[in-house]
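Me: I have a model open and would like to learn how to read its packing. Can we go through some features one by one?

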Amino acid sequence: MYVNLNKKIVPATHRYIGEAADILKGGGLVAFPTETVYGLGANALDPAAVSRLYRAKGRPQNNPLILHVSGIMDASRYAGLNSTAEILMHQFWPGPLTLVLFASDKIPSVTRAGLDTVALRAPLNMVALDLIREAGLPIAGPSANRSGRPSPTTAQTVYEDLGDEVDMIIDGGPTTIGVESTVVDVTGDLVSVLRPGGVTVEMLEEFVDLAADDEEFGYRSPGNLHRHYAPQIPLLLWDPSKNGDGIFVRVEDVPWCYMGLSGTPEGVREPMKKIVFGSVQDYAKGLFSTLRDLETLCNVIVAELPEDAGLGRAVRNRLEKAAAPE
Ligand code: TXA
Ligand code: MG
């Protein structure tokens with residue numbers, strides 16, 4: 001049980017979802033659960049509400065927002081669909097896949113950060129879907145963290161970061177996937193992966209042709225220009241297949257913490273806290289909350305990079321962003 005001091009955190013009941021929909025229609029901000037991370041919602045069609053959302057997060061204005069919609073029909077009102085998009089939507093919606101498409105002129109420029117495209121997704125979460133339907137609006141929803149911080153996977157974390165800025169936080173419990181959606185650009189002939197996430201590259205490849213060069217050039221989403229997800233203490237990345245155990249020399253004399261899949265190697269001094277996940281799915285699910293927990297306990301975090309495949313790609317991508325120099 002959490003202590004809800006100011007009543008901004010509310011349970012996901014029909015009554016509160018109705019109130020939240022009214023707040024959105026009135027230009028307010030509502031944090032809501034999805035299957036990936038919590039989103040900070042605003043009416044995507046209301047430029048003033050969207051501007052308020054950017055300010056609340058401290059988000060750079062050149063980083064466009066994802067619009068949360070209820071499904072394919074809803075999506076077709078806000079973007080030009082093509083056959084590739086429809087295949088992917090049929091296959092993976094509702095779910096952790098965001099599609100970048102040419103935007104309809106109904107979408108205000110501030111929502112698109114001035115681009116001619118817009119990112120859309122239908123989340124696999126009943127509370128989020130109810131809220132979208134109840135509001136009758138596309139909900140602009142970046143992750144509900146202060147810009148640069150690890151994304152929130154619980155209502156309490158949203159409150160810690162944005163409690164003063166948000167009008168209501170709907171508590172849907174901890175999110176199930178833990179890392180954000182996969183973002184794909186489907187405006188060209190080939191599908192480009194802009195951000196790896198809950199729908200893996202291997203899953204996409206079963207249905208569409210992917211552009212081959214994305215990883216060489218780095219993921220090209222505007223959001224990837226920024227340092228992200230960073231804990232407040234140094235984060236060192238350990239890739240057992242590449243940099244061996246040498247990295248542990250750097251934590252010999254400091255209070256350090258470990259998170260990863262294989263545990264700490266033999267001969268290395270025990271960390272203050274060791275979080276060993278049983279699977280890459282559990283690693284993804286616990287990634288952001290563990291970064292937030294460990295930063296309050298130790299001086300340095302050593303995080304193990306999982307194998308660069310499946311959901312491991314998304315975990316690696318978030319860890320690399322979190323460890324990037326400012
Ligand atoms: O799982 C998720 O996607 C979560 C939940 C709340 O749905 N949302 C989320 O939003 O992660 P945000 O704003 O933190 O990340 C959106 C990503 C950014 O990297 C942004 O640059 C990219 O999507 N994006 C949005 N619109 C785009 C566009 N038109 N073209 C290319 N990338 C776009
Ligand atoms: Mg984010």
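Me: Leaving aside its neighbours within four places in sequence, which residues is leucine 99 in contact with?

Reply: This is a predicted model. Contact means heavy atoms within 4.5 Å. By that cut-off leucine 99 touches Ala85, Leu88, Met89, Trp93, Val118, Ala119, Leu120, Val184 and Val186.

Me: Which residues have the most contacts inside the largest nonpolar core?

Reply: They are Leu88, Trp93, Leu97, Leu99, Leu120, Val184 and Leu204, in a core of 47 residues. At least two residues of this core come from each of β3 (39–43), α2 (47–57), α4 (83–92), β6 (97–103), β7, α7 and α8 (201–205). The largest share, 5 residues, is supplied by α2. Another core lies apart from it and has 25 residues, including Val37, Ala284, Phe288 and Ala314.

Me: How should I read a helix, and which residues of α10 are buried?

Reply: In an α-helix there are 3.6 residues a turn, so residues three or four places apart point the same way. In α10 the buried residues are Tyr283, Ala284, Gly286, Leu287, Phe288, Thr290, Leu291, Arg292 and Leu294. Their cover includes α7 (155–162), β12 (235–238), β13 (256–260), β14 (273–276), β15 (300–304) and α11 (311–323). Helix α10, residues 280–294, also bends by about 50 degrees at leucine 287.

Me: Is arginine 121 buried or exposed?

Reply: Buried means under 20% relative accessible area. Arginine 121 has 2%, so it counts as buried. This arginine 121 sits in strand β7, residues 117–121. Its side chain makes a polar contact with the side chain of glutamate 35, at 2.9 Å.

Technical notes
Residues numbered from 1 in each chain as written. Chains lettered and ligands numbered in written order. Predicted model: local features only at pLDDT ≥ 70, side-chain atom pairs only at ≥ 80, totals over all residues. Heavy atoms only, no water. Bend = angle between axes of the 7 residues up to and from the residue. Helix = DSSP H or I, 4+ residues; strand = E, 2+ residues; numbered from the N terminus. Buried < 20%, exposed > 50% of the residue type's maximum accessible area, 1.4 Å probe, protein only. Polar contact = N/O pair within 3.5 Å; in protein donor to acceptor, adjacent residues only side chain to side chain. Core = buried A, V, L, I, M, F, W, Y, C linked by side-chain atoms within 4.5 Å.
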